[in-house]
Amino acid sequence: MRVCEKGGIRVYDYTWGVLGGAYYFLGRYDDCINAMIKCIEIDGLPSVKKNALYYRGQSYIKLKKYKLSNRDIEASEAM
């Protein structure tokens, strides 16, 4: 599994995914999107990326950004 090095700290893709999921359930949709972007950028587990795309898409729905939402949800379903 690949990791992101930031400030000497190793951050795994699923860490960003868990953080993004927490933000989603707290209603912090912009924060969720930002965390999921970081999760997706790390070339990690496909299942984690699929989940990140799904929750980013759901967050876009909450923010009424439907075109972005459709793109992410369709990409998630294709994985």
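## A first look at the salt bridges, rings and helices

Arg56 and Asp72 are both buried, a word that here stands for a relative accessible area under 20%, while exposed stands for over 50% and partly exposed for anything in between, using a 1.4 Å probe and protein chains only. The structure is a predicted model, in which local features need pLDDT of at least 70 and side-chain atom pairs count only at pLDDT 80 or more, while totals for chains, interfaces and linings use all residues. Residues are numbered from 1 along each chain as its sequence is written, and side-chain values use heavy atoms, with hydrogens and water left out.

Let us begin with the chain as a whole. The chain contains four helices and two strands, and their order from the N terminus is β-β-α-α-α-α. Helices (H or I, at least four residues) and strands (E, at least two) are DSSP runs, numbered from the N terminus. Of the 79 residues in the chain, 37% are buried. Looking at contacts (heavy atoms within 4.5 Å), 37% of those with a separation of 6 or more are between residues 24 or more positions apart.

Next come the charged pairs. A salt bridge is a side-chain nitrogen of Lys or Arg within 4 Å of a carboxyl oxygen of Asp or Glu, and the structure has three.

| Salt bridge | Closest N and O atoms |
|---|---|
| Asp31 and Arg28 | 2.8 Å apart |
| Arg56 and Asp72 | 2.5 Å apart |
| Asp72 and Arg71 | 3.3 Å apart |

What do the salt bridges that share partners join into one network? They join Arg56, Arg71 and Asp72. Arg71 has 45%, so Arg71 is partly exposed.

The salt bridge between Asp31 and Arg28 has partners of another kind. Asp31 is partly exposed because its relative accessible area is 28%, and Arg28, at 39% relative accessibility, also counts as partly exposed.

Return now to Arg56, which forms a salt bridge with Asp72. This pair links distant parts of the chain, as Arg56 sits in helix α3 (residues 46–62) and Asp72 in helix α4 (residues 66–78), 16 residues apart.

Aromatic rings make up another part of the picture. Rings of Phe, Tyr and Trp (its six-membered ring) pair if their centres lie within 6.5 Å; planes under 30 degrees apart count as stacked, over 60 as edge-to-face and the rest as tilted. By this rule there are five aromatic pairs. In one of them, Tyr54 and Tyr55 have ring centres 5.2 Å apart and planes at 85 degrees, so the pair is edge-to-face. Are these two tyrosines buried or partly exposed? Tyr54 is partly exposed because its relative accessibility is 34%, whereas Tyr55 is buried because its value is 18%. Ring pairs also gather Tyr24, Phe25, Tyr29, Tyr54 and Tyr55 into a cluster.

Finally, how do the helices pack? Two packed helices are described by the angle between their axes and the distance between the axes. Axes are lines fitted to C-alpha atoms, for helices over the stretch in contact, and angles run from 0 to 180 degrees between N-to-C directions. Helix α1 (residues 13–25) packs with α3 at an angle of about 25 degrees, and their axes are 10 Å apart. That makes α1 roughly parallel to α3, where roughly parallel covers angles under 35 degrees, roughly antiparallel over 145, roughly perpendicular 65 to 115 and oblique the rest. Asp13, Tyr14, Tyr24 and Phe25 in α1 meet Val48, Tyr55, Gln58, Ser59 and Lys62 in α3.
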